Amino acid sequence: MNPENKKKIKHLGRLSRSRGGDIAMILFLTSFTLLMMLPLIYAVCMSLKPSSELWRFPPRILVVNPTLKNYRDLFTLMSDTWVPMIRYIFNTLFITVVGTVGHITLASMAAYPLSKYKFPGSKAIFLIIRTSLMFSGAVLAIPNYLIMNALHLIDSYLALILPAFSSTLGLYLMKQFMDQMVPMSLLESADLDGASEWLKFSKIVMPLVKPATATLLILETQRLWTTGATPYIYSEEKKTLSYALSQITTSGIARAGVGAAIQIVMLLVPLLVFIVSQSNVIETMSTSGIKE
Amino acid sequence: MAANVKLGKTSGSVTYDNLTLKERMRKDLNWTWREMKKNKSKYLFIAPYCVLFLIFTVCPVIISMFFSLTDFNMLEKPNFVGFNNYYRMFMQDDLFIKALGNTIMFAMITGPGGYIISLVMAWFLNELPRAVRVILTVLLYAPSLAGGMTPIFKVFFSSDAQGYLNAWLLDWGFINTRIKWLENENYVVPIIIGVVLWGSLGTSFLSFIGGLQGIGREYYEAAAMDGIRNRWQELWYVTLPLMKPQLLFGAVMSITGAFNIGSVISGLAGNPSVNYSAHTIMQHLEDYGTTRYEMGYSSSIATMLFLLMIFLNQFIQKCINKVGE
């Protein structure tokens, strides 16, 4: 560990942080992380294995002679589809970007008054939203289809985007973080200066809840990016990347290596979003000192 | 519902003595209307979300609850059958009772287990310097990002020629014949619990990490001056109370997760599992909904599960509100 980090630990050490405790913790974290990563390491190695190693006995997790053949095969298969692969990629990108941005915007806007103010119906509305999280989605397919059909949304991007806008998770998450991170006193002093609701929302609330936005960004990107086959979309040219790739995997057990390659390729975009959002979250909020 | 909320709140300037019920209601309504007008901008803020939420979440849930009172089979027009489905569930369906027991057993272990793992890991990570913390967070959450890890565990425990665990045990001479890990009642349940716990660093974990980042350093400094001595006291009296909103959020997530572990079970043990040893309400629901097309009955199972989770959530929210006392 370099001296700068040591200094940081010392600075972080608020009270009774022993060096022994720190070392034990680092050892524990390393082994725990390895355990967690094992299936992912397996998938990465699997995608790099030549076919001779795929069927080896006894099997090994790590790859001996890594090859990019599985990835080359994947791209050959991808360039061979009836609808050009770029169309699937566009569909998924479009749904993910519009759905995520829209959801974060609408959910934050709704969470702000529900978290910070009391007005007729506010408690009941939040209770309904929170409770609805617990209804099992498994039986909602048919009611959802009936509604999409009634609204003439079948076979349009909107059938995937509009429900994403109003997904429950984001509102609940944003509301809880606003409860914690936005001091009422700041909003009151803004009121004295005659700030409008929109100004308070965009200039005070949103900058304060950056960790929440970062969390929601990754959760929603991940969810929408992996959207697969749905009953609402039947035109082949409107289907998603995840659906198209799953068609490749299901066609044969001999494609285990290609299947792993697909998993890794699909992981890249959410992983990138996650890394960028995590490293941009500000360490601690400088204003939290005036919380009441 | 709105009127009820109001009755509790109305106090102060409004007095109820010597008023008939009608006049009271009119006063309440007037008060509500004035409050609503005063908060016009707030309604504008929540309107776009709430309209979409009503259409795409509340309506489907209500339709599904209505189906639970019918014999809907996806082909014929549904007939209203009252509470027959619920009667059948508890009186005639032994498998449902077994599934209920299994669900509660799985939920009692994986719910609190996963919750504690997420919280402890988030807390550990928060003690680390920023760069290390970001790297470890990414590494720990990456498997959740990749999703669909169940097939990999299935290969690992599989009893066919490709099963990793059996192959290693055979190779090292511990066993002579392959063990049917996923087809044996005694092994399959612990394996499922292990895999579910392995995957518990998900949504709650991320929200805990975010919540810890929102606690300013000055709270700890102040606490140290107030005589907080060690990490544990600091955790209980400073950290946890300050991240109560995230703790409540994580609890709801854990409950939903713990009661909905159907896909991991079906992925590892199949549906139905051997002797129904890992049969949960989700398996039961999937069986009736997608295999037998008994949509009415499966909707009533979903409604029952919903009520169970609401009840548990009330209880857990009460417990969490005691944190730091």
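A:Lys175 counts as buried, at 11% relative accessibility (buried means under 20% relative accessible area, exposed over 50%, and partly exposed in between, with a 1.4 Å probe and protein chains only). A:Lys175 forms a salt bridge with A:Asp179, with 3.0 Å between the closest N and O atoms (a salt bridge is a side-chain nitrogen of Lys or Arg within 4 Å of a carboxyl oxygen of Asp or Glu). The model is predicted: local features need pLDDT of at least 70 and side-chain atom pairs count only at pLDDT 80 or more, while totals for chains, interfaces and linings use all residues. Residues are numbered from 1 along each chain as its sequence is written, chains are lettered from A and ligands numbered from 1 in the order in which they are written, and side-chain values use heavy atoms, with hydrogens and water left out.

**Confidence**

- The model scores ipTM 0.84 and pTM 0.85.
- Chain B has a mean pLDDT of 85, and 94% of its residues reach 70 or more; pLDDT is the predictor's confidence in each residue, from 0 to 100.
- Within chain B, confidence is lowest in helix α1 (residues 2-9), at a mean of 43, and highest in helix α3 (residues 40-67), at 93. Helices (H or I, at least four residues) and strands (E, at least two) are DSSP runs, numbered from the N terminus.
- The pLDDT is below 50 over residues 1-13 of chain B, a stretch that has 13 contacts in the model beyond near neighbours in sequence (contact means heavy atoms within 4.5 Å).
- Where pLDDT is low, the predicted coordinates should not be read in detail.

**Salt bridges within a helix**

- A:Lys175 and A:Asp179 both lie in helix α9 (residues 168-181) of chain A, 4 residues apart, which is about one turn of the helix. A:Asp179 counts as partly exposed, at 29% relative accessibility.
- A:Arg223 forms a salt bridge with A:Glu220, the closest N and O atoms being 2.8 Å apart. Both residues belong to helix α12 of chain A and are 3 residues apart, about one turn of the helix.
- A:Glu220 is buried, with a relative accessible area of 1%, whereas A:Arg223 counts as partly exposed at 43% relative accessibility.

- Over all chains, the structure holds 11 salt bridges.
- A:Asp155 and A:Lys238 form a salt bridge in which the closest N and O atoms are 3.9 Å apart. A:Asp155 lies in the loop between α7 (141-150) and α8 (158-165) of chain A and A:Lys238 in the loop between α12 (210-225) and α13 (241-249), so the pair ties together parts that are 83 residues apart in sequence.
- A:Asp155 counts as buried at 9% relative accessibility, and A:Lys238 counts as partly exposed at 22%.
- A network of salt bridges links A:Asp191, A:Glu197, A:Lys200 and B:Lys42.

**Backbone geometry in chain B**

- Most residues other than glycine have a negative phi, and most peptide bonds are trans.
- The peptide bond from B:Asn271 to B:Pro272 is cis, with omega near 0 degrees. B:Pro272 is placed in the loop between α14 (262-269) and α15 (281-291) of chain B.
- B:Asn275 is found in the loop between α14 and α15 of chain B. Phi of B:Asn275 is positive, near 55 degrees, in a residue other than glycine, and B:Asn275 is exposed, with a relative accessible area of 53%.
- B:Tyr293, in the loop between α15 and α16 (295-320) of chain B, has a positive phi of about 60 degrees although it is not a glycine. B:Tyr293 counts as partly exposed, at 44% relative accessibility.
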